[in-house]
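I opened this model to look up its overall build, its nonpolar cores and its surface. My entries follow in the order in which I took them.

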Amino acid sequence: MIALWLALLVGLGAATAARGTAYADDFNLSGTESARALELLEQASPDQAGDTGQIVIHSENGPVTDAAVEQRVKPMLAEVAELPHVLSVTGPYDEAGAAQIAPDGTIAFATVQFDGLAQDVPIPDIEKVIDTAQEIDGDGLQIELGGQVIQQASSEIGGTAELIGVAAAAVILFLVFGSLFASLMPILVALFGVGVGITAIGQLSHLMSLSTIAPTLAALIGLGVGIDYALFIVTRYRNNLKSGIAPEEAAVRALNTSGRAVLFAGGTVVIALLGLLVLGVSFLAGMGIGAAVTVLATVAAAITLLPAALGVLGTRLLSRRERRLLAEQGPSASHAQEGFWGRWSHLIARRKALFGFVATAMIVLLALPALSLRLGSSDAGNDPESSTTRQAYDLLAEGFGPGSNGPLLLVAELGADSDAQALQALATTVEQTPGVAAVSAAPVEPGSPLGMIQVIPASSPQDVETSELIERLRDDVIPQAESGTSMQVHVGGATAIFDDFADVLTGKLPLFIGVIIGLGFLLLLIAFRSVVVPLTAAVMNLVAAAASFGVLVAVFQWGWGSELIGAGPGGPVEAFLPVIMLAILFGLSMDYQVFLVSRMHEEWHHTRDNARAVTVGQAETGRVITAAALIMIFVFAAFILEGQRVIAEFGVGLAAAVAIDAFLIRTVLVPAVMHSLGDSNWWLPGWLDRILPHLSVDPADEPLPTAEVEEPPAELVSRR
């Protein structure tokens with residue numbers, strides 16, 4: 001088995017080295033105005049449909065029109081124009097670029113027209129543009145570059161976050177187990193699973209659309225769940241060894257208990273991630289598929305590679321002290337109920353109303369900022385202050401106004417010669433519209449099917465005022481101009497595309513939530529044969545998501561500490577973040593719910609005593625759940641250090657969600673609610689019990705390990 005995993009990892013790695021990957025950030029927003037505008041541009045003028053970049057020139061010692069400055073800038077622009085994938089460069093010294101010099105004369109920009117969209121231009125070629133332009137930087141001249149294409153090359157993600165997360169996990173596991181082998185085993189198994197998963201989706205990118213963020217998101221989720229899954233199995237295996245069970249049988253029982261829970265928990269994560277397919281957006285579907293493949297690989301590693309490793313190491317997963325005590329004092333039963341978690345579980349049982357109220361109040365307080373959640377897209381204004389894209393953004397805003405960083409493009413379909421006059425009248429009307437800083441209409445050639453108007457908003461691309469301007473143009477200004485003509489005008493441009501993206505996702509969010517909640521409810525209903533348990537889990541998952549969104553709004557939208565983590569000032573939350581986070585959070589929350597409730601259900605099946613089942617289940621899983629949560633928190637939080645706003649949003653949101661879920665919901669609120677509900681927790685109508693398939697997360701027919709079991713049984717115990 002170990003050889004098979006090594007061969008699989010090496011084979012996929014060799015394929016990746018030979019073929020490379022084909023990640024691409026393709027948006028599929030068919031049916032929106034901005035998509036129609038882009039389609040028209042691609043049909044009529046493919047060159048103009050490519051993305052543009054800006055070379056921003058700031059003269060510190062006088063106007064950019066000085067001869068000394070011009071003699072340095074013009075040769076550089078000519079050299080850039082000859083680089084691969086650059087169609088043309090329109091500089092401030094050209095007749096067509098006369099308006100590209102700011103009123104104060106010290107700031108100007110050149111427009112670089114590329115032959116494709118940002119994701120289609122190779123990063124090495126973009127870097128050539130950056131390096132060539134910045135060769136003249138210095139001696140009183142500041143050269144910065146901006147635009148989607150430049151941002152594509154400036155936002156490459158390193159691998160330091162994974163290393164930091166793994167190191168933190170190793171420290172936590174060593175503190176929990178006190179054994180080097182036991183602490184390294186979950187990490188090694190997770191790394192194998194993540195390695196296979198990421199190399200697999202790299203090859204999958206040749207067959208389907210996977211975004212450039214997909215491997216990072218897959219690594220983030222895969223490391224978190226992979227370490228946790230292996231941790232749960234290793235913990236059960238170690239407990240079995242301490243109970244006097246021989247290593248092979250200890251591994252069998254660990255897989256038959258915690259292994260079942262891992263399969264089920266991993267399945268819920270995969271289902272939640274694949275729920276992104278219902279949105280019908282290829283960009284998000286690729287993210288979901290990439291992450292789901294990696295989670296599947298980590299589950300496979302946990303239930304195949306890990307048992308093989310246990311067979312090699314045997315009792316060495318116990319510390320030397322634990323092995324010595326086992327030899328000297330013999331097997332011992334679990335004392336989980338006598339330690340901190342035992343005392344805590346009894347305290348929750350006695351003061352369930354008080355703890356339930358306090359936990360609920362804290363969650364509501366954290367969730368309150370979510371009421372002002374605003375979806376959109378961050379821009380270069382949220383990049384680190386030291387980055388060239390942020391410097392270019394700030395210089396353009398200073399020289400030409402904040403809206404110059406995200407112009408709108410009105411693309412008009414002209415059906416008659418008179419439509420050209422109507423388009424010119426529209427340009428005049430738009431110029432007088434509140435929220436518009438400047439308007440420039442391109443001349444319409446006779447017989448041309450298209451006309452274009454560039455609109456510079458008075459506000460920055462991510463401001464709510466810009467979204468209101470787009471809505472005003474579409475709902476009021478443009479329909480009046482179209483009246484009585486055959487002209488059809490569509491509002492496009494990058495800012496409008498991201499605005500439409502947010503609207504599309506917001507409209508489909510209820511369907512998405514309904515699908516993942518419904519499927520999760522059905523799975524838990526079958527697994528635990530209870531109506532109340534899955535209903536409680538669904539409510540708790542939504543509560544945890546609301547609280548984590550509240551943290552996201554406070555940090556990234558309100559800007560509470562966003563500058564400190566290199567995420568720039570406050571701005572809208574990324575439009576695609578809620579749906580992806582909901583998928584991930586739903587899956588991760590189900591993990592903890594399954595591990596917690598499966599132990600409760602196991603005890604309930606043996607005793608039919610709800611109070612004992614809830615208390616024992618919490619006492620015996622509290623330590624491992626909180627350890628697993630700490631690992632996930634450190635893994636997710638480490639991704640904040642990547643210096644990418646989007647990745648930092650995932651890191652903060654997921655770390656906060658896991659902390660809320662593990663330390664408030666699973667260890668306080670869920671046990672308090674289950675104590676209050678009593679035997680109703682396990683209620684299932686008879687007719688429903690008869691039609692549901694039988695699927696057991698915990699093998700309740702297997703006797704619980706006791707101190708008296710010193711030798712492995714002669715044959716495997718019966719299982720459902």
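Entry 1, surface and overall build. I began with the accessible area: the protein exposes about 28,900 Å², and 60% of that comes from carbon and sulfur atoms. I note here that the model is predicted. Of the 720 residues, 54% are buried. I listed the secondary structure next and found 23 helices and 10 strands. The radius of gyration is 30 Å, close to the 27 Å that the globule rule gives for 720 residues, so the protein is as compact as a globular protein of that length. Along the principal axes, the C-alpha atoms fill a box of roughly 95 × 50 × 40 Å. I also looked up contacts in the protein with a separation of 6 or more: 80% of them join residues 24 or more positions apart.

Which residues have the most contacts inside the largest nonpolar core? I found Leu284, Phe576, Ile580 and Phe650, in a core of 143 residues. I then took Phe576 and left aside its neighbours within four places in sequence. Phe576 is in contact with Phe283, Leu284, Met287, Phe501, Leu505, Val646 and Phe650. Another core, of 29 residues, lies apart from the largest one; Tyr93, Phe114, Val121 and Ile143 are among its members. For context, I wrote down that nonpolar side chains tend to be buried together in soluble globular proteins.

I turned back to the surface, where Phe174, Leu180, Leu184, Leu188 and Leu191 form a nonpolar patch. Together these residues have about 440 Å² of accessible area. Helix H8, residues 180–204, gives the most to the patch, with 4 residues. I checked Leu191, which is found in helix H8.

I located Ala380 in the loop between strand S5 (375–376) and helix H15 (388–400). Ala380 is buried, since its relative accessible area is 11% and buried means under 20%. What does Ala380 touch, not counting residues up to four places away in sequence? I found Gln151, Thr389, Arg390 and Tyr393. Last, I looked up Ala380 against Val112: the two are 268 residues apart in sequence and 17 Å apart in space, C-alpha to C-alpha.

Methods: Residues are numbered from 1 along each chain as its sequence is written. This is a predicted model: local features need pLDDT of at least 70, side-chain atom pairs count only at pLDDT 80 or more; totals for chains, interfaces and linings use all residues. Side-chain values use heavy atoms; hydrogens and water are left out. A nonpolar core is a set of buried Ala, Val, Leu, Ile, Met, Phe, Trp, Tyr and Cys residues joined through side-chain atoms within 4.5 Å. Buried means under 20% relative accessible area, exposed over 50%, partly exposed in between (1.4 Å probe, protein chains only). Contact means heavy atoms within 4.5 Å. Patches are made of residues with over 30% relative accessible area and no salt bridge: like charges are joined within 9 Å, nonpolar side chains (Val, Leu, Ile, Met, Phe, Trp, Tyr) within 5 Å. Accessible areas come from the Shrake-Rupley method with a 1.4 Å probe; for residues, only the protein chains shown count as cover. A salt bridge is a side-chain nitrogen of Lys or Arg within 4 Å of a carboxyl oxygen of Asp or Glu. Helices (H or I, at least four residues) and strands (E, at least two) are DSSP runs, numbered from the N terminus. The radius of gyration is taken over C-alpha atoms; the globule rule is 2.2 Å times the number of residues to the power 0.38.
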